[in-house]
Amino acid sequence: MSESWKLTLPCTRAEAEALHGEPEALALLDPPPVLLTSEPDASKPEEWQLDAYFPEKPAKAVIQLIQSQIPSARKAKAQVTRIEEEDWVALSQAGLEPVRAGRFFVSTDGESAPAGMVPFTIPASRAFGTGSHETTAGCLVMLDRLKRLGARYHHICDVGTGTGLLAFAAGHLWPRAYITASDIDPVSIEVTAENAGINAIPLGGAPGALELFVAGGVDHDGIVARAPYDLMIANILAGPLIALAPALCALVVEGGTLILAGLLGGQAEAVIAAYRRQGMRLADRIDNVDDAGAWPTLRFRKRRRPGHRRPTRWVEGENGETPGYGSW
């Protein structure tokens with residue numbers, strides 16, 4: 001990118017931890033800022049700092065919106081500075097330690113994996129999803145658990161793919177499956193294609209290959225044409241997951257599996273209720289915990305209906321809207 005803008009505000013440690021969950025109000029900004037929190041002075045453990053990065057100078061209303069998420073900074077003077085020639089998403093991911101999740105070993109620099117582990121290289125990039133976040137790691141563990149339980153899948157879809165990591169992992173576990181991945185952000189799809197090359201994953205519509213779509217949710221003819229899916233993954237945010245419930249569930253085959261992540265522990269019940277209303281049964285749950293709290297990964301099974309079974313398709317106006325959301 002040619003330039004970036006940085007907004008700096010003071011905050012407390014508790015506020016910094018809450019911002020780790022990316023408040024919904026900020027997620028609705030287009031594009032949402034990249035948020036980095038830090039402890040400038042270790043001798044003052046309650047005094048933290050928020051740096052929010054934007055591709056253009058933030059408007060006064062945007063600054064006020066961010067300040068509204070930080071009660072202690074509502075009267076603070078916001079510092080806005082122009083920064084040239086930096087990719088702040090990449091910088092936020094640089095130097096990350098390799099992630100071990102289930103059988104998977106994910107590094108940003110191609111570090112050798114321990115014996116018996118499956119390596120993926122996901123460089124620090126313009127999109128999110130290196131495996132370091134608890135939601136992504138939880139999905140990797142859930143996929144690994146399903147494989148160990150003997151699950152078999154033939155049509156897999158990763159909604160809001162980010163860097164492609166979850167689609168890559170599913171493709172490794174079920175190498176003859178048709179794999180579909182989508183994201184509303186064209187940059188994420190470009191990054192996923194680049195990462196597929198790095199990890200020797202073929203692109204295309206054949207079994208064992210990865211088919212990519214730029215789409216909001218599942219709102220794309222290509223995604224609908226490849227349905228129904230026996231495994232669908234959506235690692236996004238609680239609000240979008242609830243809004244997308246009718247559309248996602250309509251594309252899951254009866255008896256199929258749906259993995260959801262990207263939500264905080266306190267949001268889990270609302271998400272579970274939304275998917276139960278669509279005929280889904282909660283089958284498993286993993287809670288990864290960090291300083292911001294618990295990050296649940298939920299696994300659902302679609303209940304089988306009695307009588308004649310026919311493919312379920314998403315139909316506009318009948319199964320709800322599919323607003324566009326990306327991933328972590």
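User: Is alanine 200 buried or exposed?
Analyst: Alanine 200 has a relative accessibility of 68%, so it counts as exposed. Keep in mind that this is a predicted model.
User: Where is alanine 200 found?
Analyst: In the loop between helix 7 (186–198) and strand 10 (210–214).
User: What about its phi?
Analyst: The phi of alanine 200 is positive, about 55 degrees, although the residue is not a glycine.
User: Switching to aromatics. How many aromatic pairs are there?
Analyst: The count comes to four aromatic pairs. Take tyrosine 153 and tryptophan 174: their ring centres are 4.9 Å apart and their planes stand at 80 degrees, so this pair is edge-to-face.
User: Why does 80 degrees make the pair edge-to-face?
Analyst: Because planes over 60 degrees apart count as edge-to-face, and the planes of tyrosine 153 and tryptophan 174 are at 80 degrees.
User: Which parts of the chain does the pair link?
Analyst: Distant ones, with the two residues 21 apart. Tyrosine 153 is in the loop between helix 5 (134–148) and strand 8 (155–159), while tryptophan 174 is in the loop between helix 6 (165–173) and strand 9 (178–183).
User: Are tyrosine 153 and tryptophan 174 buried or exposed?
Analyst: Both tyrosine 153 and tryptophan 174 are buried.
User: And which residues form an aromatic cluster?
Analyst: Phe104, Phe120 and Phe168 form one.
User: Now charge. Which residues gather in the patch of negative charge?
Analyst: Glu39, Asp41, Glu46 and Glu47, on the surface.
User: Where does glutamate 39 lie?
Analyst: Glutamate 39 is in the loop between strand 2 (34–38) and strand 3 (47–54). Its relative accessibility is 34%, so it counts as partly exposed.
User: Why only partly?
Analyst: Because exposed means over 50% relative accessible area and buried means under 20%, and glutamate 39, at 34%, counts as partly exposed.
User: Last one, alanine 270. Where is its place?
Analyst: Alanine 270 is in helix 10 (residues 268–276). With a relative accessible area of 41%, alanine 270 is partly exposed.
User: How are the C-alpha atoms of alanine 270 and glycine 239 separated?
Analyst: By 9.3 Å, with the two residues 31 apart along the chain.

Key
Residues numbered from 1 in each chain as written. Predicted model: local features only at pLDDT ≥ 70, side-chain atom pairs only at ≥ 80, totals over all residues. Heavy atoms only, no water. Patch = residues over 30% accessible without salt bridge, like charges linked within 9 Å, V, L, I, M, F, W, Y side chains within 5 Å. Areas by Shrake-Rupley, 256 points an atom, 1.4 Å probe, with all protein chains shown as cover. Salt bridge = Lys/Arg side-chain N within 4 Å of Asp/Glu carboxyl O. Lys, Arg positive; Asp, Glu negative; His and termini not counted. Charge placed at Lys NZ, Arg CZ, Asp CG, Glu CD. Helix = DSSP H or I, 4+ residues; strand = E, 2+ residues; numbered from the N terminus. Buried < 20%, exposed > 50% of the residue type's maximum accessible area, 1.4 Å probe, protein only. Phe/Tyr/Trp six-rings, centres within 6.5 Å; stacked < 30°, edge-to-face > 60°.
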